[in-house]
Amino acid sequence: MFDGLLNMRKTCDVCGVRFERQAGESVGGMYLNLGLAELSAIPGFFIVDALFDPPFIPHLLFWLAYTLVFCLLFYRHARGLWVSIAYLTGGLQTDDDYQKARDRQPPGR
Ligand SMILES: [Zn+2]
């Protein structure tokens, strides 16, 4: 699905399905990524606060850094999850024009 670390391909190499049918569809994957980061960081903040009562500012900075690192590490998974949601809801299909353009390209592209 990916070309490099963070760059998603336009189509699947195996079946030719187009991942992002309209501009801005990838925003769903980003919402998913940020939502999961916050869903883990906010309870984590309160659990650690209740158990260990750390100083507020370092504690807050830790969870801000956690959110950033989580978003970076989970980016590809979130995009993949979003594509799977699109697949399960019937939002992914192959296009004849895309398929023909893909077939004209030399292998490995
Ligand atoms: Zn495929």
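## Overall layout

Helices here are DSSP runs of H or I with at least four residues, strands are DSSP runs of E with at least two, and both are numbered from the N terminus. Read along the sequence, this protein follows the pattern α-α-α, with three helices and zero strands.

Please keep in mind that this is a predicted model, in which local features need pLDDT of at least 70 and side-chain atom pairs count only at pLDDT 80 or more, while totals for chains, interfaces and linings use all residues. Residues are numbered from 1 along each chain as its sequence is written, and side-chain values use heavy atoms, with hydrogens and water left out.

## Surface and contacts

The accessible surface of the protein comes to about 7,800 Å² (Shrake-Rupley method, 1.4 Å probe; for residues, only the protein chains shown count as cover). Carbon and sulfur atoms account for 67% of that surface. Of the 109 residues, 27% are buried; buried means under 20% relative accessible area, exposed means over 50%, and partly exposed lies in between (1.4 Å probe, protein chains only).

Contact means heavy atoms within 4.5 Å. Among contacts between residues at least 6 apart in sequence, 66% join residues at least 24 apart.

## The zinc site

Where does the zinc ion sit? Cys 12 and Cys 15 coordinate the zinc ion through their SG atoms, at 2.1 to 2.2 Å. Donors are N, O and S atoms within 2.8 Å of the metal (3.2 Å for Na, K and Ca), and water is not among the atoms, so sites may look incomplete. Cys 12 counts as buried because its relative accessibility is 18%, whereas Cys 15, at 41%, counts as partly exposed.

Ser 26 is found in the segment before α1 (27-52). With 13% relative accessibility, Ser 26 counts as buried. Leaving aside neighbours within four places in sequence, Ser 26 is in contact with Glu 20 and Arg 79.

## Two residues of helix α2

His 59 belongs to helix α2 (residues 56-88) and is buried, because its relative accessibility is 5%. The His 59 side chain makes a polar contact with the side chain of Trp 63 at 2.9 Å. A polar contact is a pair of N or O atoms within 3.5 Å; within protein, one must be able to donate a hydrogen and the other to accept it, and residues adjacent in sequence count only if both atoms are side-chain atoms. Beyond neighbours within four places in sequence, His 59 is in contact with Phe 45, Val 48, Asp 49 and Pro 54.

Phe 74 is also found in helix α2, and is partly exposed at 21% relative accessible area. Phe 74 and Leu 34 are 40 residues apart in sequence, with 9.3 Å between their C-alpha atoms.
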